[in-house]
Amino acid sequence: MEWLNQQPPYSVIYVSFGSIIVLISKQLESIARALRNSEKHFLWVVKRRDGEEALPLPEGFVEETKEKGMVVPWCPQTKVLSHPSVACFLTHCGWNSMLEAITAGTPMIAWPQWTDQPTNAKLISDVFRLGIRLAQESDGFVATEEMERAFERIFSAGDFKRKASELKRAAREAVAQGGSSEQNIQCFVDEIIGTKST
């Protein structure tokens, strides 16, 4: 968080693929090249592989990019997504991560891996329109150039940030006292216990 506090507003690419997904070395190298080539600030969560002390990144990457980026094995994601320096979230599109980004008002770059994630990626890019879905090869690999294109588009198009801000406001209104979520939960509770709310 101290590092994020030192970055300009709307300048950081946040990259995280959740707690389960472990990317192959070729894909990690592709992401590393895209982040380095983008010349943007970045915060990248990379899990250590079982039995390994070092992070599985290309040799010299952390040293080469230390002026622009930070690589960590874990971070408090909800705080990071809400930080004013974060411009976008490169995500695997897990349901929790997607909701956290929506409530933080953070545009997303969707990179679904499995289960519900392709559906969530469609919601991000085609329904909510608060991000871009990366084009994947048949084996799921995403090329460096595809990520670079997505970074450029996210930073240059204000529509994603505007839409993310609108959805953030709607989400907060829904969970506020008297909001639609509170009302729906109360109706659900009333139905279960057999009473009617006044």
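**Burial and overall make-up**

I looked up burial first: of the 198 residues of the protein, 43% count as buried (under 20% relative accessible area, with exposed over 50% and partly exposed in between, using a 1.4 Å probe and protein chains only). The model is predicted, so I note that local features need pLDDT of at least 70 and side-chain atom pairs count only at pLDDT 80 or more, while totals for chains, interfaces and linings use all residues. Residues are numbered from 1 along each chain as its sequence is written, and side-chain values use heavy atoms, with hydrogens and water left out.

I find nine helices and six strands in the protein (DSSP runs, H or I of at least four residues for helices and E of at least two for strands, numbered from the N terminus). Along the principal axes, the C-alpha atoms fill a box of roughly 65 × 35 × 30 Å. I looked up contacts next (heavy atoms within 4.5 Å). Among those between residues at least 6 apart in sequence, 62% join residues at least 24 apart.

The accessible surface of the protein is about 11,100 Å², and 52% of that belongs to carbon and sulfur atoms (Shrake-Rupley method with a 1.4 Å probe; for residues, only the protein chains shown count as cover). I also took the charges: the mean positions of the 22 positive and 25 negative ones are 5 Å apart. Here Lys and Arg count as positive and Asp and Glu as negative, with His and the chain ends not counted; each charge is placed at NZ of Lys, CZ of Arg, CG of Asp or CD of Glu.

Thr144 belongs to helix 7 (residues 144–156). I have Thr144 as buried, at 5% relative accessible area. Which residues does Thr144 contact, leaving aside its neighbours within four places in sequence? They are Ser30, Arg33, Ala34 and Asn37. I also noted the C-alpha separation of Thr144 and Ala32, which is 8.4 Å for residues 112 apart along the chain.

Phe141 sits in the loop between strand 6 and helix 7. Phe141 counts as buried, at 10% relative accessibility. Not counting residues up to four places away in sequence, Phe141 touches Lys26, Gln27, Ser30, Ala135 and Gln136. Ser30 is 111 residues from Phe141 in sequence, and their C-alpha atoms are 9.1 Å apart.

**Salt bridges**

I count six salt bridges in the structure (a side-chain nitrogen of Lys or Arg within 4 Å of a carboxyl oxygen of Asp or Glu). One of them joins the side chains of Arg36 and Glu64, at 3.0 Å from N to O. Arg36 lies in helix 2 (residues 25–38) and Glu64 in helix 3 (residues 61–64), so the pair ties together parts 28 residues apart in sequence. Arg36 is partly exposed, with a relative accessible area of 34%.

Lys66 and Glu63 also meet in a salt bridge, 2.7 Å from N to O. Lys66 is partly exposed at 46% relative accessible area, and Glu63 is exposed at 53%.

In helix 7, Arg149 and Glu146 are three residues apart, about one turn of the helix. The closest N and O atoms of their salt bridge are 2.7 Å apart. Is Glu146 buried or exposed? Glu146 counts as buried, at 14% relative accessibility, whereas Arg149 is partly exposed at 36%. I also found Arg162, Lys163 and Glu166 linked in a network of salt bridges.

**Positive phi**

Most residues other than glycine have a negative phi. I looked up two residues with a positive value. Thr115, not a glycine, has a phi of about 45°. Thr115 lies in the loop between strand 5 (108–110) and helix 6 (117–127), and is exposed at 58% relative accessible area.

Arg129 has a phi near 55°, again positive in a residue other than glycine. Arg129 is in the loop between helix 6 and strand 6 (131–133), and counts as exposed at 53% relative accessibility.

**Nonpolar surface patch**

Which residues form a nonpolar patch on the surface? I list Ile185, Phe188, Val189, Ile192 and Ile193, with about 520 Å² of accessible area together. Patch members have over 30% relative accessible area and no salt bridge; nonpolar side chains (Val, Leu, Ile, Met, Phe, Trp, Tyr) are joined within 5 Å, and like charges within 9 Å. Phe188 is in helix 9 (residues 180–193) and is exposed, at 54% relative accessible area.
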